[in-house]
Structures are given as C-alpha cells and as structure tokens.
Amino acid sequence: MKKSSIIGLIIIALAIGAIVSMYGDASTYEGFEVAASKPEKEFHVVGVLNREKEKYYDPQKDANYFSFYLIDEKGKESKVVYHNPEPTDFARSEKVVIVGSMEGDHFEASKILLKCPSKYNEQKVGV
Amino acid sequence: MGSVTFVGEHLFWGNLGHSAVVVSFISSILASLSYFFAERNPLDQSWSKLAKYSFHLNSLAVLTIIGSLFNIIYSHYFEYHYAWQHSSRELPVHFMISCFWEGQEGSFLLWIFWQMVIGQILLRTAKSWLNPVMAVLMLSQVALTSMLLGVKILSYKMGSSPFELLRNVMSNAPIFQQGDYLSKVKDGNGLNPLLQNYWMVIHPPTLFFGFATTVVPFAYAIAGLWRKDFKDWLKPALPWALISAMVLGTGIIMGGFWAYESLSFGGYWAWDPVENASLVPWIILIAGIHVMIIHRTTGNSYIVAVILILSSFLLVLYATFLTRSGILGNSSVHSFTDLGMSGQLLVFLLVFVVLSIVLMAWRWKLMPRSAKDEEIYTREFWMFIGSLVLVISSFQIILTTSIPVFNKLFGANMAPPADVIGHYNKWQMPMAIIIGILTGVAHSLKYKINKPEALRKIGIYAGVSLVLTVVLFFAFSLEHYVYMGLLFAATFGVITNAGILIPYLKGNIKLAGASVAHIGFGILLMGVLVSSANKKVISINETGQALNPEFNVKENVENIYLERGKPNKMGEYIITYVKDSQNWVNNYYQVNYKKLNAQGEVDYEFNLYPNGQLNPKMGLVANPDTKHYFSHDVFTYVSSVPGKKTEGTFINEKTHEVKPGDTIFTNNGYAILQGINSNTDAEKLDMKNFQVLLGAELKVYTLDKVYDAMPMYGIENNSATSYEAMVNEAKLKFRFTDVNPKNKTITIISSEQDTSGEFVIMKAIVFPWINLVWAGTIIMIIGFFLSILKRVSALKAV
C-alpha cells in the first residue's frame, strides 16, 4: 500500500471518530421525565419558571445554593438546584434552559441559560 | 400617518448615507464585471479603465457611508434606529467608535471598509494579477454591500440599512403619531456594557481586517484556476496569506484577552461557537500556508494547497453565516441578533462555494499532481502530516460547533455537549501534542534529502527536552502525568526551534521567521497547559459561614459571601470587602487581599476593584479585576451584589460576665479583657461628676488585626451611665453595663453591626503562568511578521 493511501485511511478514520464523538457527547433537549429515567446522563431542559412556588436564595446562609421550580415544555414540574448564586435577572426571564441531570427529587443544574424578553434590544421607546 | 409632519429630524445624513450605500453597491457590481471583462479582453484597455474608476467610486462611497453613520452616532441623532439602539449621550468618544460595530450593519461596514483598503493596496501591487484578483474581491464587496441595502426587491427585504429611521422601524408605536416625537426620545439605548471596554475598540477592527484579508489568497487561487496558471499566483499570494494569518491570529487572541480581562466566565477561551467560528478559518489558513510552502519547494501537493486556501475564505463566510443568521440561538453568548438575513447570508456562502467547486472541477485534470509519495525523512513529509492534523483538528471543532445547523438540516434534537470544554479538549489535546512534536521534527529535517545526522540531531533535542520536561513538570507543580505529553511536545518545539534559530541571529533575522513563530507556538502551548491545568478557584469559604445543614455541600461551591468589612480566609489569602464606589455607570467593589506566608503572617497585600454594572436592561454585568504577577494572575469578579443597601444597625447582642483575662467571643472576632481601669479621665466624657468611673480595657482580635477598645461605666449619685466603645473596622460594639462586686466580674454587652445589606458574592481564580499564553502569542506574531518581510523582499527581488 502506498503511504498516501495509509494516510488517507487514517484521516478518514479520525474524521469518523470526530463525528461519532460529536454524536456521543452531544446532549439533547428533553423534559424532566426523560431526565428522570436516565439520571446518569446530562440533558438540556427548556422550561419556564413556576412563579407561584418560592425560589430560594439566601446568600448569608449559603451563597452557593439556589433553588427554584421549573415547568418543562411538556408541563412537568421539578425542583431545580443550582450550586451558584442566583443569576441576576432570573425573575425576569421568559424562558430558562438548564443543563444538568436528575438527582433524586431534584434536577441538579450545572448551567443556566436565560432568555430574557429584552436581551438587549428592547423594542420599546422610553417616553 | 401621512399627515404628520415630523420636526427636528436630520434627514440629510441618512439620505446621504443611504445613497452612498446604493452607489457603492452598484459601483462594486460594475467594478467586478469590468475587471472580469478586462481579464477576458486583455487587449481592450477600456474595461480596465472602467474597472479602476468604478472601484475608486466605490471607495469614495464606502468612506461616505462610514462618515455619515459616524456623524449620526456622534451627533446623537436618535431619529436613526442605529444610533438609538447602539449609543447614548453619555458615551465617551472612544466607545462611540465601538457603537459603530456593535450592530450587524456596522460590522459589515467595517469589513467592507477593510476590503476596500485591501483593494487599494492590490491596485498598486498586484500587477499582472490585478484583473482576476480584483474581479473576485469586488464580487465579495458586492455580496457584503448587499447586506446594507435595506431595499425591498419583490417583497424580499435585501439587507438591513443602518440609516433606517426609528419611526419606520417601529411604525406601530403611538409616539410616532406625533410630529415632535423627537423631543421625547431623549436618549438612546446605550452600548452593551460588555462592549464598554477599550479592547472592544481595537479587537473588532483587527479581527475584521483578518477576515477581510482571507479573500486575497482565495482570489489569487481562483485567478490561478481561471488562468490555468498553476504556479505564479503562489508567490504573491503567500505574503497575503501570512498577513492574514498574522492579523486574524492577533484578532482572535485579542478577543481572548478581552474575554479574560472583562468577561466573567473566567478564562480566555471557552470553546464558544463564535470563538470557534473565527479559529477554524485561521487553523485552515495555517495548514494552507504550510502546504503552499511545500508546493513551492517540492512541486508536490498542489491540489491540497488550493483546497485549503479556498476553504479558509469559505470558512470565514460559514462563520459569518453561523454568527449572524441567528442559527446559534441560545448556544452562544455573543452572536449577533438575528436581522432576518439568514437567506441572504446563505446565498453569499453558496455563491462562493459553488464558484470554488465548479472551477476546481473544471480544471481538475489540468492541475499538477505529485509524481510520487514524499520520502519519510524529509521536512515536506512531516509538514504535510502536520497540516493534515490541523485539518482534522479544525474539522472536529467545526463539527461540534455546527450542531445547531444539523438540527435545522435533519430536524435533530441535539444540544451542545454538557461538558463542552472536556469534549473539545479530549480531541484538541492529542492534536496539540502531535503538532508540537512535528514543529520540532519537521524543522530539524531538510527538504528533499537528509543525512543520518539530522536524525541524530532530533534525538539530541528530544533528550534535552525530555530532561527539561521533567524539570518543568515539577517546577510548574503539575499533578497529572497525562500533562507530560503536552509539556514535552511544547518543550521539544521550543528547544528544537531555538536550536535552529541561533545561527540566524548573527545573519539575516528575516529568514528566522518560521523558527520564531514556532517557538512562540510552543510557549503558547505551554502557557495554555499550565494555566488551565493548574487553574484554581480559590474563593472557597473556609471560615465562618454557617452552612445550612440541610444542604449537601457540593464540590462546586465556588462563590464566597463577603460581608462588608468582615475579613474572610480564602486559601492563602485573607480577603475583605472594604467598600464600593461609583464611577460613571459602574460600581467598583474594593476587595483587599492579604497574602499570608507559611507562618500565617501577612506577606503582602493588594486591592482589586471588580466592577459590577447594574444595568437596567441586562441586570448585573460583572467585569473582573485581575492582579497580574509574573508567575500568576489573581482573577476576581463579583457574581452577585445586593440590590439596595440598608443602614447599619447593631444586632446579635450578647451579655458576658467577665473578669480580667476572660475572653468575649463574637462572630466578628474575640476580645480579651485586659484589666479594669479606674483612673479614667472623666473630663473627656462630659460635665458629669462621677463618683466612680471604670474603663474596661479590651483587646479585640479579628482575623487580621488587633484593636483596643475601652467601654466605660460611671456612677453618679446612685445612677449609672454606660459608655459604649465601637470598633468600626471590626463592626463591633461593646457596652459596659454593670459591676458585680460579689463575683469580681463586670458585665459587657457585645453587639455586631448588621451588615447583611452590604455584601458581595465573589469568585476568585488563580491562573498560574498565564503570561506564557500572551508571551507565546506575541512571539508567534513577531515570527509571522519576519516571514512576511522575507516573502515581500522575495517578491521585490524578481
């Protein structure tokens, strides 16, 4: 076999490896139900904040504990714990994307992404 | 609304700017076509004349657009949506420049401007290649200018004009029914606080100059295919490719430095899609440069060189599509807002992709091919392998970055990996190891043929590097042996290239560009390794804070709660949130760091001023502050601050019955009663005529300081008066309320100032040896610069 063919094969193998790894590592957007059935995997859950239930953050007691209730897009609710300070503007968020996995009775979020109604482009003229 | 007459608008500038956009669009079409026909009819001079004039007209129009837009921002003409949306009255001039490119339209304009400048340079330097190269460049100018048109063509809105009036953009708002609406639009939305940073004044122009320059090697490659000239274009294209690599590289690292200095994600690189999108064309360009050099010395690998050079520009267009079409959605922190131009962006990309593929296919049979495989013991073989590794590396990056595109194309439901950094690192670290080693191996070998000495030389360098790696491993106190590989690769790259560099130092330094650039790359790798492997979050609370027992303490508790004035122990530091101060729209929180030595004494201290802007539109925007040392950085930012402050009251009153020598414990420190003093000078207090006046001599110990306090107790005609003593810095108050002769004790009531309303929640990270990252980059850029000098003088020599 020519050297160039060997190199070509290695390149193809690595490219396939990259695709497989992308596919394997990619998380998916799911609801709490799927997350609960696979507690070992991390998921992206999209939902809205349940404003009727209390969100808890008391920095004097623990600056790294924030909890709230999120209703996912299928309507299922779960408690979410985030071991970080409450993101500012959290209460104003329209949509919340949390990344993490289910841990017993609650969803342990490692990341919170907020979608605010006016990220920076408020289409409203202040008078 | 036709009946309303609007007053106070400055329509002239908008009309001027918009007309200039139209003129520049038409003139760029004209220029592109005339250059095309000038190439087709080399004997007819009229085409090239027409081309030249229309390009000059285009340049003038571009400058007019920029002038009008800047004047609108500078004069605060908020009747224009762009000025209203991206600027405000309070902005200093240098930030007005950043407003200019905060929006999509302005950043396109920046790109158009650079492309125009590049065209002017080519006009004077491209000589025989002028016509085909400019035809391609102006085609790209047509595509970019179309993004600014804002004209409806058959119900499709083409482009988005920066000269759109506010009242047209938001025509439904009732305020625009009034003719004097402008008197009510007092101020603009202001500049995104994250961009209010001096790096944002220079990072975008640099990056866009880098993007813009990628079109030149692309245009030369296209011109080569077009003319069936598979040789001559490489020579002038190579210095352009090097310029592009240097500037784009500088722009990317400036972005990293900006992120590090002013964003709170804690680092210079986060594998964010927008960062990746600009990195990938750069890596491909680097691979392309290497293969171009291989081809110029050996005559092999022509097709690969062309493919890589074409791809780097196409990837710039793909990056543009990714970041501006809104397709990235939530997966990136800094993509532009969607302007509904995704279709147009896609057409832009596809036109150039199709052009490249068609030309390649058309000339496929004619292109020169390698006669035989490269020999293993040659520089070109290992350079080629290195370039392929770069291709794989960028393929992996662009693949994962494109997840949102796959979702759109195949209706998949994928999200970016939960552990993004881990995902990229597991691929990119082995790639970096191979690249690091190859930079040494390839440079030790000569082109075409090598004697056995070359191998012996590599062996010696490898031996020296191995010893040095072990030394550095312990010097940097790395923990995992996995890091040995990358550390060796980086060291080997630096040592070998330094060995090659030495003979050049006496001779022509211009020839040493490659060695210098590769030394820089090795140092950069080393810096990346050490600063990320040993990056340490130090804001982990070790004292005081009463953790709620219900909470299971997680490993990832990385934020520390700091009450104002109350020292906390954090790693090797005692930190205190001292005070905050307002400057313009920013709130600076002074945090004092005291470094302790092994004996627990204060070694040295410094203050950091992380800044938080409570922005009405974005909430808390935290900018870090960093203390730079030669060997490490202490990086600090506030992750949360209280909304409003409350006045200090005293709480936690505790009664202590003590005799001299006893200790009074409080949450803020402890006090020891030294003695009871009866010789107190009563006159200092007031006019009272005390029969007895006692002072309790207290020594108050806080974490880092000792204070004296003396609360007093006086008796006058059977009535007692207490005088409290405050220790302001420790937030403590002591009252001397009673004397108990029976037990020989006195009663002291201690209380603590309620500082619950004054606190910051802070995160602090130590980055060791991050200076290597910056130093490595700068050396690499110098290396590029030397190589450019060498290639330019080679051009002149002909």
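Predicted model: local features only at pLDDT ≥ 70, side-chain atom pairs only at ≥ 80, totals over all residues.
Local features need pLDDT of at least 70 and side-chain atom pairs count only at pLDDT 80 or more, while totals for chains, interfaces and linings use all residues. Residues are numbered from 1 along each chain as its sequence is written, and chains are lettered from A and ligands numbered from 1 in the order in which they are written.

**View 1. Chain A and its elements.**
Chain A has two helices and six strands. Helices (H or I, at least four residues) and strands (E, at least two) are DSSP runs, numbered from the N terminus. The order from the N terminus is α-β-α-β-β-β-β-β. Of the 127 residues in chain A, 31% are buried. A residue is buried if 20 or more other C-beta atoms lie within 10 Å of its own, exposed if 12 or fewer, and partly exposed in between; C-beta atoms are placed from the backbone. Take the contacts in chain A with a separation of 6 or more: 49% join residues 24 or more positions apart. Two residues are in contact if their C-beta atoms, placed from the backbone, lie within 7 Å.

**View 2. Chain B as a whole.**
Chain B has 20 helices and 23 strands. Its C-alpha atoms fill a box of roughly 120 × 90 × 50 Å, taken along the principal axes. Buried residues make up 49% of its 798 residues. Among contacts in chain B with a separation of 6 or more, 69% link residues 24 or more positions apart.

**View 3. Helix α1 of chain A beside helix α14 of chain B.**
Two packed helices are described by the angle between their axes and the distance between the axes. Here α1(A) (residues 3-25) and α14(B) (residues 379-401) have axes that come within 9 Å and cross at roughly 20 degrees. That makes α1(A) roughly parallel to α14(B). Axes are lines fitted to C-alpha atoms, for helices over the stretch in contact, and angles run from 0 to 180 degrees between N-to-C directions. Angles under 35 degrees count as roughly parallel, over 145 as roughly antiparallel, 65 to 115 as roughly perpendicular and the rest as oblique. The crossing of α1(A) and α14(B) is right-handed. A crossing is left-handed if the near helix is turned anticlockwise from the far one by less than a right angle, and right-handed if clockwise. On α1(A), the contacting residues include Ile7(A), Ile11(A) and Leu14(A). On α14(B), they include Leu388(B), Ile392(B) and Phe395(B).

**View 4. Helices α10 and α11 of chain B.**
The axes of α10(B) (residues 234-262) and α11(B) (residues 273-298) come within 9 Å and cross at roughly 150 degrees. That makes α10(B) roughly antiparallel to α11(B). The crossing is left-handed. Leu234(B) lies in α10(B). Leu234(B) is buried, with 22 other C-beta atoms within 10 Å. Not counting residues up to four places away in sequence, Leu234(B) touches Met292(B), His295(B) and Arg296(B). Leu234(B) and Val306(B) are 72 residues apart in sequence, and 9.6 Å apart in space, C-alpha to C-alpha.

**View 5. Helices α5 and α6 of chain B.**
Helix α5(B) (residues 104-125) packs against α6(B) at an angle of about 165 degrees, with the axes 10 Å apart. That makes α5(B) roughly antiparallel to α6(B). Their crossing is left-handed. Residues in the contact include Phe108(B), Trp111(B) and Ile112(B) of α5(B), with Leu130(B), Val133(B) and Met134(B) of α6(B).

**View 6. Helix α13 of chain B.**
Helix α13(B) (residues 342-363) has 22 residues and reaches 32 Å from its first C-alpha to its last. That is close to the 32 Å expected at 1.5 Å a residue; the expected span is 1.5 Å times one less than the number of residues. Its buried residues are Gln344(B), Leu345(B), Phe348(B), Leu349(B), Phe352(B) and Ser356(B). Seen down the axis of α13(B), they fall within an arc of 150 degrees, so they line one face of the helix. The arc is that of the directions from the helix axis to the C-beta atoms. The cover over these buried residues includes α6 (130-146), β2 (156-158) and α12 (302-324) of chain B. The face turned away from the buried side carries exposed residues, among them Gly343(B), Val354(B) and Trp362(B).

**View 7. Two loop residues with positive phi.**
His76(B) has a positive phi of about 55 degrees although it is not a glycine. His76(B) sits in the loop between α2 (45-74) and α3 (81-86) of chain B. With 18 C-beta neighbours inside 10 Å, His76(B) counts as partly exposed. Trp769(B), also not a glycine, has a positive phi of about 55 degrees. Its loop runs between β23 (759-768) and α20 (771-797) of chain B. Trp769(B) counts as buried, with 20 C-beta neighbours inside 10 Å.
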